[in-house]
Amino acid sequence: MSLEWRALAAAPGTHPRVLELLSQHVQPLRGARVLDMPCGAGLFSKWMREQGLDVTAMDLEDVQPYHDDPARRVLADANHGPPFADGQFDAVVTVEGIEHLENPSLFLRECARVVRSSGHVFLTTPNVDAIKSRRHVYLKGYFRYFEPKGADLKDAHHLHPIDMIFMRGAIRRAGLNIAEITVNQLSGKTWFSELTRRYFTHKLPAEMKGAVPYYGDVLIYVLTKP
């Protein structure tokens, strides 16, 4: 996987980690019906298809060059919900998507709608609870990956920093359960940062006091539908 980062449109290590989680949680993996939304340039859709997954891709834009089968891609606006039937997929994969959308809670409900019962949603988003992002706020006044590019525009067209407490509430309201929360890679962990973690997390819920989410550029949520 030596392709350039911009073609992947995700932080390093994110896609391999999601593939690993798919193989752990989705059984049987081969033939599983997966919605990749947003699919961007189609590289991750292609990699999943090479693992034997039955992938349907969706994005708002006709990204070119597109690296997967364009006949398996649907162009639609996730702000209005994916144009698929209830329970159509065994899994939904959404890498770096929710922070771009006008209504993140609606998006989670739509992910829950199109996945079957006992199916999975694999969702990633920039880790605004990480020490790196907190330091960014202190030094520069905005979350990492959310740099202002104008009076009404943020870096990479991001809209919402998705913090972990908001996400947990939105997951519950969407009728989904949390199977696992992890990161793309544990970055920024030192003996000194471990000392600061105890100080800066002592008032947070117990679920937020560990190495996840304090380290890692990207949070990865593995969700299940009852």
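Modeller: Start with burial: a residue is buried under 20% relative accessible area, exposed over 50%, and partly exposed in between, with a 1.4 Å probe and protein chains only. Helices (H or I, at least four residues) and strands (E, at least two) are DSSP runs, numbered from the N terminus. The model is predicted, so local features need pLDDT of at least 70 and side-chain atom pairs pLDDT 80 or more, while totals for chains, interfaces and linings use all residues. Residues are numbered from 1 along each chain as its sequence is written, and side-chain values use heavy atoms, with hydrogens and water left out.

Biologist: Why is helix α4 described as largely enclosed by the rest of the structure?

Modeller: Because eight of the eleven residues of α4 (residues 104–114) are buried. They are P104, S105, F107, L108, E110, C111, A112 and V114.

Biologist: Which elements do the buried residues of α4 pack against?

Modeller: Contact means heavy atoms within 4.5 Å. The buried residues of α4 pack against strands β1 (33–36), β4 (89–95), β5 (115–126) and β9 (218–224), and against helix α6 (164–173).

Biologist: How do I read a nonpolar core?

Modeller: In soluble globular proteins, nonpolar side chains tend to be buried together. A nonpolar core is a set of buried Ala, Val, Leu, Ile, Met, Phe, Trp, Tyr and Cys residues joined through side-chain atoms within 4.5 Å. Here the largest one has 31 residues, and L108 and Y221 touch the most other members. At least two residues come from each of β4, α4, β5, α6, β8 (177–183) and β9. Helix α4 gives the most, five residues.

Biologist: Which residues does L108 touch?

Modeller: Leaving out residues up to four places away in sequence, L108 touches I98, L123, M167, A170, I171, A174, L176 and L223. There is also a second, separate core of 22 residues, with A10, L21, F122 and I220 among them.

Biologist: What separates a pocket from a cavity?

Modeller: Both are found on a 1 Å grid over the protein atoms alone. A cavity is a set of points where a 1.4 Å probe fits but cannot get out. A pocket is an open set with protein on both sides within 12 Å along at least five of seven lines. Lining residues have an atom within 4 Å of a point. Points are joined across faces, edges and corners, and a volume is the space filled by probe spheres set on them.

Biologist: What volume does the largest pocket have?

Modeller: About 1,300 Å³. Of its 46 lining residues, A9, P38, E96, H100 and A156 are the closest to its centre. Helix α1 (5–8) is one of the elements that supply at least two lining residues, and its four residues are the largest share.

Biologist: And the cavity: how many are there of 30 Å³ or more?

Modeller: One. The largest cavity has a volume of about 50 Å³. Its lining includes P126, N127, R144 and D217.

Biologist: How do I read an aromatic pair?

Modeller: Rings of Phe, Tyr and Trp (its six-membered ring) pair if their centres lie within 6.5 Å; planes under 30 degrees apart are stacked, over 60 edge-to-face, the rest tilted. The count here is four pairs. F84 and F89 have ring centres 5.2 Å apart and planes at 85°, so they are edge-to-face. Y199 and F200 are also edge-to-face, at 5.0 Å and 80°.
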